[in-house]
Amino acid sequence: MTQENRLALDNCIKCSICVSHCPVAKVTERFAGPKQNGPDLERFRLEEPAAVHPSIGYCSNCKNCDVACPSGVSISAMNAKAKGEYVTLHGAPLRDKILARVEQMGKASRLAPSLVNRLGRIKPLRVLGEAMMGVSSEMTMPTYAKKTFLEMFQPKKITASKDKVLYFQGCYVNYNTPEVGMALAAVLAYHDIELTVEPFNCCGLPLIANGFLDVAREYAQKNVSKLQQYIEQGYRIITTCPSCNLTLRREYQELFDLDTSQFNEQMMDAFEFLNLLDQRGELKVELQELPKRVGYHQPCHLKAAGCGIPSLETLRHIPGLEVRDLDAGCCGLSGSYGFKKEKYPISQEIGQNISRAVQELAVDQVISECGMCQLQVHHVTGAKVYHPIQLLAEAYHLA
Amino acid sequence: MAAEKAQVVVIGGGATGTGILRDLALRGISAILVEQGDLAHGTSSRFHGLLHSGARYAVKDKEAARECLEENMILRRIAPNCVENTGGLFVQLPEDNAEYADQWLAACAESGIPTEELDPRELRRNTPVLHHRVTRAFIVPDCAVDGFRVLWSNVNSARRYGARLYTYHSLTGIQQSNGKVTGVELTNQLTGERKYIECEMIINSTGAWGGAVAALAGIELNIIKDKGTLVAYNHRLTNQVVNRLRPPGDGDIFVPHGTITIFGTTSVTVNDAACTKPGHGEVLDLIKIGQEMIPDLENYRLIRAFAGVRPLYQAGNTAGGRSVTRNFALVDHQERDGLQGFISIVGGKFTTFRLMAEKTVDLAAKRLDVTAPCRTAEESLTSPVSEQWLERGKRVFGIPGAKKAADRLGDSFQRVVEEAEKNPDQRKIFCECEVVSLAEIVHVAGDGDSFTLGDIRRKTRMGMGTCQGTFCSYRTLGALSGYSQFAGNHREYLTKFLQKRWKGIRPVLWGQQLREAQLSSAIYCSLFGMERML
Ligand SMILES: Cc1cc2nc3c(=O)[nH]c(=O)nc-3n(C[C@H](O)[C@H](O)[C@H](O)COP(=O)(O)OP(=O)(O)OC[C@H]3O[C@@H](n4cnc5c(N)ncnc54)[C@H](O)[C@@H]3O)c2cc1C
Ligand code: SF4
Ligand code: SF4
């Protein structure tokens with residue numbers, strides 16, 4: 001245990017604020033909650049690493065506990081490590097092994113994406129999947145795109161590029177919503193900024209959330225060494241997925257003790273970058289009027305990153321656009337979590353806040369940065385859900 | 001009403017007294033143990049919890065060292081669930097006398113204490129909190145021992161052979177006629193009622209109170225009362241006992257105990273055996289010394305401080321403190337003072353309690369014409385919980401909860417698990433810091449020996465963790481209103497319980513523990529209508 005972790009452990013004053021902010025603990029008795037699984041049992045784990053509560057699998061890794069804790073305890077990191085310990089000791093179901101390997105699933109789907117999509121919609125097959133594998137037959141499956149982002153993206157040489165920007169696109173954009181990456185590329189090109197891409201490994205978050213820390217660590221090491229090279233050449237790294245962002249910037253350091261201090265400054269959300277341009281007076285603000293009302297859902301991992309909601313800053317420039325914050329907390333899906341049979345009801349219960357908010361605000365379109373949040377918000381409300389960068393591209397006539 | 005009778009009444013429910021009770025019972029001598037508070041009210045719960053390997057005494061007192069080693073091995077064997085076999089380290093720093101290490105090594109070898117030198121680089125890897133300047137390190141067979149558990153195991157074992165126990169009864173009079181002890185007068189500390197027991201013999205094993213008890217028989221017994229302060233850290237700093245390799249002094253031992261680390265101690269002569277108030281100044285002094293071994297010590301969170309009083313026997317009347325022998329003395333008052341049927345056992349260490357009991361009962365048996373030999377070293381004190389029950393326990397309490405409950409409950413574990421299996425509500429964890437379930441609390445509340453929340457705390461560890469009772473005390477009370485001893489004024493029970501907790505928190509009120517105390521006083525002042533806390 002590192003010195004920092006010891007001190008963080010000592011910081012807990014048992015106030016239970018984390019418990020009252022944990023979306024899972026709010027809706028189920030099956031989860032012993034962030035405090036018990038985290039700082040409480042961490043004291044026991046110093047003597048006996050196996051001291052993990054069996055309910056640890058119910059932690060969705062949403063990180064609301066970290067945000068709420070007034071004492072700066074890295075609760076979710078303790079939980080993630082405990083989950084890893086639990087999986088090492090007790091193993092994990094095949095289902096989790098598959099769901100965690102988002103990168104491999106994406107690659108496999110390349111053989112015939114539309115077939116995979118069709119299979120995902122055949123109810124009897126899904127029922128079978130639930131019975132045999134424990135994958136909920138109710139949850140909407142993400143659809144795989146015909147072409148990946150890396151296949152679609154045509155690098156464009158911009159001679160007087162104002163910035164050197166590398167895009168960490170993440171698995172979901174690459175395999176499922178390449179249009180998000182394409183919108184970003186168009187927006188940047190419109191500002192004469194050259195975008196560089198790389199075939200990265202999955203950031204590792206789905207592996208971490210399922211307790212496969214060893215594989216995640218390998219990915220992390222590979223990604224870090226690649227990113228390091230770009231940083232040394234003066235690149236900024238931008239993301240459109242808040243979870244990739246948080247994993248690279250914080251989890252690598254907290255869970256794997258990797259030194260990521262160098263890229264903490266240089267890595268940012270795409271909208272943080274656009275806002276930087278705005279501050280320098282370089283953002284083009286002649287935008288098309290978009291007279292519509294959309295809801296906005298803030299992903300938990302964006303909240304945890306502590307950078308506010310940079311997209312709303314930028315979107316303010318779009319005339320006529322009315323963005324209403326749903327302010328409904330966690331969507332409940334948390335990546336692979338809500339696909340698991342036993343967790344699906346929990347994730348739907350948490351998602352109720354979203355459907356209530358969408359109804360109250362009477363919006364039929366919602367924007368959100370996280371691909372999985374987009375899926376869940378659509379699943380619980382039926383609304384059209386997409387990434388804010390797509391809205392911006394639309395207002396630039398680039399869509 | 002006919003008075004109750006026993007051959008022997010043992011006074012003092014510490015390690016020594018409970019050990020004596022068990023030894024008497026195993027030899028078939030009818031016996032009653034009398035304790036003024038709960039078991040371990042005295043020094044036996046206010047100590048370091050180190051089951052000495054003897055290494056600490058090797059240079060100065062080989063006899064004591066050999067006794068420790070022997071008893072250490074016996075206790076591991078007969079009471080595995082009371083002993084945590086951590087192993088111990090002796091570490092030397094550059095400013096310590098290098099020759100002492102060689103002297104110490106030779107002395108250990110002479111006393112038969114196994115030592116193994118450890119490469120300081122390896123030490124740094126395994127125990128990174130220790131100072132990197134450590135020059136030499138040795139492994140010895142030290143362990144951590146749970147005093148409270150040992151005491152109850154002694155009593156439970158003795159009860160199986162017919163022995164009786166009165167807690168919350170104070171010895172207030174000794175009856176004698178014709179130079180012979182005939183009985184004792186006891187006063188119930190909770191009700192004030194008097195009680196008389198006829199007996200042939202009284203064994204005075206009241207530790208630091210030994211002089212006061214002897215005085216009831218009109219006898220003078222000189223015991224030096226040496227207060228030592230200890231502090232408890234919020235987490236395990238090391239997984240082994242760590243001793244400083246230099247002549248024994250203040251602040252030179254760290255003992256990991258379950259979730260916490262106990263560090264100490266100091267040595268101050270006091271007048272009163274009940275003087276167990278730890279001082280802020282003593283705590284600061286301790287930290288300062290401890291930092292030589294663990295440089296980050298002041299940054300780790302202390303959850304409380306406490307103090308105990310060493311009973312040091314002195315035949316004559318000279319020097320006090322650490323230089324007095326740690327060996328015990330058996331005083332036969334028949335020989336010394338002409339009072340038949342009165343024996344005092346004084347001094348010693350927790351580690352050697354069984355041996356002290358054996359010697360005492362050897363004498364008692366001789367006087368009572370009993371020839372049965374001592375069996376306390378052979379017969380197991382507790383039987384370990386079986387794997388099968390541990391598995392069942394894990395299913396209801398989880399891994400840490402079940403393991404700890406099994407250690408605490410020993411033979412009763414099975415019953416508690418069954419209760420929790422039948423009744424899922426009882427699986428709820430009431431003390432989250434120490435992972436104590438409602439089932440365990442309810443079981444202890446109904447065991448016939450629990451009269452206060454403090455008694456439940458000592459048996460379960462509820463209230464002993466990070467929050468020091470802030471959350472579990474009112475939860476526990478809420479669940480126990482069906483028990484007559486908890487059906488009265490709740491505010492009073494809470495106040496008594498929390499005052500004891502706060503006594504230990506006050507000397508360490510800074511940093512996170514201060515925030516904890518703020519939270520606690522906010523809860524009790526605003527929600528429970530208490531006026532002030534500190
Ligand atoms: C700070 C400190 C650290 C220590 N660390 C260690 C260690 O690490 N390892 C070790 O082996 N030893 C250690 N010791 C020594 C050890 O704790 C004691 O030697 C041992 O606990 C004494 O046990 P006892 O039963 O003789 O006395 P006690 O435990 O004090 O028992 C005496 C009992 O008699 C009761 N009593 C008194 N008067 C009456 C009365 N009139 N009627 C009824 N009951 C009465 C008291 O309430 C008390 O419970 C330490 C001591 C101190 C002070
Ligand atoms: S990460 Fe989310 S689900 Fe897990 S304990 Fe924290 S708040 Fe609860
Ligand atoms: S982890 Fe933080 S929020 Fe949770 S109980 Fe501890 S101090 Fe409170």
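This is a predicted model: local features need pLDDT of at least 70, side-chain atom pairs count only at pLDDT 80 or more; totals for chains, interfaces and linings use all residues.

Trainee: Which helices give two or more residues to the shell around ligand 2?

Mentor: Around ligand 2 there are 13 residues, and the closest are A:Cys22, A:Cys59, A:Cys62, A:Lys63 and A:Cys65. By class, this shell holds 8 nonpolar, 4 polar and 1 charged residues. The elements of chain A that contribute two or more residues to it are helix H3 (23-27) and helix H5 (64-68).

Trainee: How many nonpolar residues are in the shell around ligand 3?

Mentor: The shell around ligand 3 is made up of 14 residues, with A:Cys12, A:Cys15, A:Ser16, A:Cys18 and A:Cys69 as the closest. Helix H2 (17-21) and helix H4 (33-45) of chain A are the elements that each give two or more residues to that shell. Sorted by class, it has 2 charged, 2 polar and, as the number you asked for, 10 nonpolar residues.

Trainee: Which strands are the edge strands of the open sheet of 4 strands?

Mentor: In chain A the strands of this open sheet follow the order E6-E5-E7-E8, with parallel pairing. An edge strand pairs on one side only, and in this sheet that applies to strand E6 (322-325) and strand E8 (384-386) of chain A.

Trainee: Which residue stands opposite A:Arg293 in E6(A)?

Mentor: Strand E5 (residues 293-296) of chain A pairs with E6(A) in the parallel sense, and the pairing runs over 4 bridges. Within E6(A), the residue that stands opposite A:Arg293 is A:Glu322.

Trainee: What angle does the direction of helix H23 make with that of E8(A)?

Mentor: Helix H23 (residues 388-395) of chain A packs on the sheet, where it touches E5, strand E7 (365-367) and E8 of chain A. Its direction and that of E8(A) make an angle of about 90 degrees.

Definitions and conventions
Residues are numbered from 1 along each chain as its sequence is written. Chains are lettered from A and ligands numbered from 1 in the order in which they are written. Side-chain values use heavy atoms; hydrogens and water are left out. A residue is near a molecule or strand if one of its heavy atoms lies within 4 Å of it. Ala, Val, Leu, Ile, Met, Phe, Trp, Tyr, Cys and Pro count as nonpolar, Asp, Glu, Lys and Arg as charged, and the others, Gly among them, as polar. Two strands pair if DSSP finds at least two bridges between them. Contact means heavy atoms within 4.5 Å. Axes are lines fitted to C-alpha atoms, for helices over the stretch in contact, and angles run from 0 to 180 degrees between N-to-C directions.
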